[in-house]
Amino acid sequence: MKRGIVIDNVRPRTPTGLPAKAVVGRRLRVSADIFRDGHNVLAARAALRVAGSKKWQVTPMTALVNDVWTATLTPTELGLHEFVVEAWTDAFATWRRDTALKANAGEDIELELEEGARLLESRLRRLHRVDREHVRDAISALRDTDRSRSERLDAALSPEVVEPLTELTGADETKSAIYRVWVDRERAAIGAWYELFPRSHGGLLGATERLDAVAAMGFDVVYLPPVHPVGTSFRKGRNNSLVPSADDPGSPWAIGNASGGHTAIEPTLGTFDDFAVFVTHANALHMEVALDFALQCSPDHPWVTEHPEWFHHRPDNSIKYAENPPKKYQDIYPINFWPDAESDRRALWDACKEIVDFWIARGVRIFRVDNPHTKPLTFWEWLITQVHAAHPDIVFLSEAFTRPKMMAKLAEVGFSQSYTYFTWRTHKHEIVEYANELAYGPTADYMRPNFWPTTPDILSGPLRQGHPGVFKQRLVLAATLSPSYGIYSGYELYENEPFSDSNEEFLHSEKYEIKQRDFDRPDSLAPFITRINDARRRHPALCELDNIAFHHTGNDHVLAYSKATTDGSDVVLVVVNVDPDATHEDTLGLDLAALGVGDGEQYEAHDELTGATFVWYGANPYVRLSPEDPAHVLHIRSASA
């Protein structure tokens, strides 16, 4: 703090000083509370650089209400960056304001005009040569008593004088601490994911044939559960049975057998050449492959015999299997990340990183990390930092349906994206509260959401025994609320049968059996999914999170929200009936300013789902949505467009 200037509440930042997050080529909004004693005018700027560089990108900050200042910076490189906020008293701006007020009040300003001339003289040496002549002319005019008072003052207030002076800091320049930001590539924040099990397609080559249909639906990422050898000891049967049949494939998360561990491929899926074909074809279709990174082992994993010190042992010296009471996973051994010997810990952590490096070398740039909340935060901070040092483009998705603070901390220590509670947010007020928390709350600086209506582990809410319209409703919400979202294979076929009334898992879960699906069913949701993903690609407003604005609806079952680009060139309004059982109608109360619509202006609302175009006038259009067709995704545009 210097001479009374306060710079507080700088954002983006994390609670402990670890890097916040940004995306290369996309806006990074910097804000701070800036004020000082007295009434002098302040100026401020934000500066960004690649960590260690001497070159700063500098942008003036704008004062909003209540001493909040903001600026937008744009990182152009991947990796670690630093930014700082600077503020100072703008003596010339203070003089301009006070002198203009006195002049307008009819007071004598002769001394003020001389003060202005002296202020300009004190800044001459700091100006570029091309600007000095304009300032010298203004100094002469301020002292020219043959001119009128207004002429003298106007000369000092001309843009040619004011603009170069705004770049000059004051003697009381104050700087904030330096804050760090990790800059990812776009896929770390934006993308449509599709999860499939290769074994349900006959292996990797069969799954490769499925990729064309996945790409045609508009997905950016195809995510594979573990493709590693599956253990045989305590193998689970269908529906998590403890007694498998001879042809039950076991859970792919029970990793490891005599064929190898995390750096091997399950023989029934194919070979490394087959995996290469899968990755190459996905890339040719402009999709990336995400691979599950599950740090756990079956009792048959080579590590169990080679490194027993890497596991938890019970008093009888048996290795402890995984439990999440009342759930038991007898086919999985959790790893002990803190073995007694420091040398064992280092060897284990290095071995885990070698798994990531192994698959990076085979074309994987995205990892969906299974249950990271059951491993040490220190380990993840170390691992992600190590990987990013060599490969800053790698994306890590945290699959942690756990306590809010743990989810946030995992994001803080480096995870690029996070699974969320979206699956359980089904009512209007829950969705509004949660979306605002993710977009504008403290974790928005470093926690990026990825919305999944279902996963192989979770069938929840209205999707349980739900009709096709509910699948549409949840898809629209996931795909338009969050820049990243995903669906699990079978969603397009309305798979909806729960294991039981109290269990949120699927009956006949694909985790324990091979699924046979008819993707060519005439009632498939695939065409609807395609329209949604096409709208996401054509509307940049849907690729942002901190631009969401909720609009008034009088019906508690009707949800309305909009997203707009910063320049207002793209505006999308989404209206959803969140009641799976009944038709609802409402007269909306739209914030026209948020939609870029002027008072009294006629505008069009083009529905990206049906192709229909509505011509609206004013803030109160009428909508009616049935459970079968529960949503509008409306491109708001001028009626003359």
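Biologist: What percentage of the 641 residues of the protein count as buried?
Modeller: This is a predicted model, in which local features need pLDDT of at least 70 and side-chain atom pairs count only at pLDDT 80 or more, while totals for chains, interfaces and linings use all residues. Residues are numbered from 1 along each chain as its sequence is written, and side-chain values use heavy atoms, leaving out hydrogens and water. A residue is called buried under 20% relative accessible area, exposed over 50% and partly exposed in between, with a 1.4 Å probe and protein chains only. By that rule, the buried share of the 641 residues is 57%.

Biologist: Within what arc do the buried residues of α2 fall, seen down its axis?
Modeller: The buried residues of α2 are Glu112, Leu113, Gly116, Ala117, Leu119, Leu120 and Arg123. They line one face of the helix, because the directions from the helix axis to their C-beta atoms stay within a limited arc. On the other side of α2, Leu111 and Arg118 are exposed. The arc that holds the buried residues is 160°.

Biologist: Which helices do the buried residues of α2 pack against?
Modeller: Packing is judged here by contact, meaning heavy atoms within 4.5 Å. On that basis, the partners of the buried residues of α2 are α1 (91–104), α3 (129–143), α4 (149–156) and α5 (159–165).

Biologist: Is Ser524 buried or exposed?
Modeller: Ser524 lies in the loop between β22 (484–488) and α14 (526–538). Leaving aside its neighbours within four places in sequence, Ser524 is in contact with Glu492, Leu493, Tyr494 and Phe519. With a relative accessible area of 12%, Ser524 is buried.

Biologist: What is the volume of the largest cavity?
Modeller: A cavity is a set of points, on a 1 Å grid over the protein atoms alone, where a 1.4 Å probe fits but cannot get out, and its lining residues have an atom within 4 Å of a point. Among the residues that line the largest cavity are Trp88, Phe92 and Arg123. Grid points are joined across faces, edges and corners, and a volume is the space filled by probe spheres set on the points. For the largest cavity, that volume is about 70 Å³.

Conventions:
Helix = DSSP H or I, 4+ residues; strand = E, 2+ residues; numbered from the N terminus. 1 Å grid on protein atoms, 1.4 Å probe; cavity = no way out; pocket = protein on both sides within 12 Å on 5 of 7 lines; lining within 4 Å.
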